[in-house]
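Trainee: I have a model open and would like to learn how to read it. Could we go through it feature by feature?

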Amino acid sequence: MRQIYHSIVLAFMGLSCLSSISMAEGAQTAIAMHGAPQYPFGVTRFPFIDPDAEVGGELKIGIAGTFDSLNPLIVKGTPPKVPLEISYSLLHLHSLERLMVRNPDEPFSLYGLIAETIETPEDRSWVEFVLNPQAAFSDGTPITVEDVIFSWEILRDEGLPNVRRYYSLVSRAETPAPNTVRFIFSEKGNRELPMILALMSVFSKADWEGKDFGASSLEPPLTSGPYIITDVDPGRRIRLERNLNYWGRDLAVNRGMHNFDVIEYDFFRDGTSMFEAFKTSQLNFRVEHDAKSWATNYDFLATRNGQVNVAEFPHQRVAGMNGFVFNTRKPIFADVRVRDALILLFDFDWMNENFFYGEYKRVQSYFDNSELSSRGLPASDEE
């Protein structure tokens with residue numbers, strides 16, 4: 001496993017508060033998978049975001065691959081492939097806001113966006129959302145309960161297989177009050193299901209009237225997010241411009257974010273050509289994942305004269321597990337002594353020194369770099 005570092009080359013980068021809203025009885029402005037959300041009601045921003053980040057400028061990001069569709073939620077077509085490190089900003093390629101938004105500083109907690117509040121009983125047999133009355137699409141039309149129900153129905157029927165599977169667990173939708181939608185589940189006790197519904201992108205029902213949702217298309221849909229797609233060069237480039245009338249710019253989940261006036265994604269057939277474009281200042285931002293490249297490829301003119309800033313920093317994200325997994329159903333691997341012997345034959349230290357420039361360390365857990373990772377000897381309450 002690689003050492004817990006990201007090697008980053010970065011141009012100027014700003015990121016656009018949690019609003020003070022009244023809560024209905026039993027409703028909350030945030031929800032956690034387990035326990036309580038980290039940030040209390042009334043927080044004005046996420047503390048890891050600079051609320052005074054500079055606004056303006058243009059950001060150009062390179063992506064390896066191509067695309068022939070702008071809808072990543074259907075089976076047909078090839079949407080832009082989303083690198084993990086820029087996946088948050090690329091959610092705005094189709095720039096459709098969700099009912100609630102994840103806080104990357106917590107394992108799984110959601111905070112209000114289109115939905116002002118969320119309510120679910122202890123058995124999580126249903127979930128209810130009260131919509132923010134300010135929520136609107138980019139043409140100024142309000143986001144309504146009908147748009148939310150339409151989005152659930154169309155994604156349940158024509159969305160990606162995993163989306164269809166989860167959304168089909170909703171038996172019906174109700175509107176118990178104005179600007180309120182309740183989803184009733186066909187089963188109880190699924191703690192994740194209310195949160196999956198909360199992450200639903202909301203489409204405009206009127207905008208999709210008479211259109212084939214399941215067909216791949218390069219026509220930008222009516223959006224509700226901080227950016228509007230203004231130009232599409234099929235397979236090569238997507239240009240987004242900041243929506244100056246974005247309804248959610250003052251929400252706490254957005255404060256300090258979405259500050260670039262223009263974001264442009266350029267697509268490349270391979271990583272080599274994309275790296276060369278970066279070296280010649282055609283791109284502003286790059287994350288390096290290859291240890292050899294990091295050690296050998298960053299001595300070029302722009303780094304020497306200070307035009308490119310190169311930095312390496314630790315992070316606190318869960319690292320996950322990389323390694324070899326033995327199929328113990330096969331007789332040759334059934335004996336634990338055989339598996340131990342193969343592990344002893346694997347000379348990690350030599351490979352790390354000679355192939356990976358000392359940038360890797362051995363995996364100690366399925367949950368490395370987290371509170372759940374394995375450390376030292378078991379404590380008394382772990383035995």
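Mentor: Start with a pair of charged residues. Both Arg 286 and Glu 288 are buried. Their side chains meet in a salt bridge, 3.0 Å from N to O. Keep in mind that this is a predicted model.

Trainee: How many salt bridges does a search of the whole structure find?

Mentor: The search finds 17. Compare the setting of each pair. Arg 304 and Asp 299 form one, with their closest N and O atoms 3.0 Å apart. Here Arg 304 is exposed, and so is Asp 299.

Trainee: What about Asp 266 and Arg 237: how far apart are the closest N and O atoms?

Mentor: They are 2.9 Å apart, in a salt bridge. This pair links distant parts of the chain: Asp 266 sits in strand β12 (residues 262-268) and Arg 237 in strand β11 (residues 237-242), 29 residues apart.

Trainee: Why does Asp 266 count as buried, and why is Arg 237 partly exposed?

Mentor: Apply the cut-offs: buried means under 20% relative accessible area, exposed over 50%, and partly exposed in between. Asp 266 has 9%, so it is buried. Arg 237 has 26%, so it is partly exposed. Then look for further links. Glu 58, Asp 233, Arg 236, Arg 237, Arg 239, Glu 241, Glu 264 and Asp 266 are linked in a network of salt bridges.

Trainee: Now the interior. How do I read a nonpolar core?

Mentor: In soluble globular proteins, nonpolar side chains tend to be buried together. In this protein, 44% of the 383 residues count as buried. The largest nonpolar core has 57 residues; Leu 99, Met 100, Phe 129, Leu 155, Phe 183 and Leu 197 touch the most other members. Helix α2 (residues 145-158) gives the most to this core, with 7 residues. Apart from this core lies another, of 15 residues, among them Tyr 227, Ile 229, Ile 238 and Tyr 265.

Trainee: Which residues does Leu 155 touch, beyond those up to four places away in sequence?

Mentor: Leu 155 touches Leu 73, Val 163, Arg 164, Tyr 167, Met 200, Ser 201, Phe 203 and Phe 213.

Trainee: And strands? What should I check?

Mentor: Strands of a sheet pair through backbone hydrogen bonds, either parallel or antiparallel. Check order and direction. Then go to the bridges. β4 and β5 (residues 109-112) share 3 of them, with Met 100 partnered by Gly 112 in β5.

Trainee: Why is strand β7 largely enclosed by the rest of the structure?

Mentor: Because 5 of the 6 residues of β7 (residues 126-131) are buried. Its pairing is antiparallel with β6 (residues 115-119), over 4 bridges. β7 also pairs with β9 in the antiparallel sense, over 5 bridges. One partner of Trp 126 to find is Ile 184, in β9. The hairpin of β6 and β7 has 6 residues between the strands, and there Arg 124 takes a positive phi near 50 degrees.

Trainee: Where is Arg 191 placed, and which residues is it in contact with, leaving aside neighbours within four places?

Mentor: Arg 191 is in the loop between β9 (180-185) and α4 (193-198). Its contacts are Met 33, His 34, Glu 122 and Arg 124. Arg 191 and Arg 124 are 67 residues apart along the chain, yet their C-alpha atoms are separated by 6.1 Å. At 27% relative accessibility, Arg 191 counts as partly exposed.

Methods
Residues are numbered from 1 along each chain as its sequence is written. This is a predicted model: local features need pLDDT of at least 70, side-chain atom pairs count only at pLDDT 80 or more; totals for chains, interfaces and linings use all residues. Side-chain values use heavy atoms; hydrogens and water are left out. Buried means under 20% relative accessible area, exposed over 50%, partly exposed in between (1.4 Å probe, protein chains only). A nonpolar core is a set of buried Ala, Val, Leu, Ile, Met, Phe, Trp, Tyr and Cys residues joined through side-chain atoms within 4.5 Å. Helices (H or I, at least four residues) and strands (E, at least two) are DSSP runs, numbered from the N terminus. Contact means heavy atoms within 4.5 Å. Two strands pair if DSSP finds at least two bridges between them. A salt bridge is a side-chain nitrogen of Lys or Arg within 4 Å of a carboxyl oxygen of Asp or Glu.
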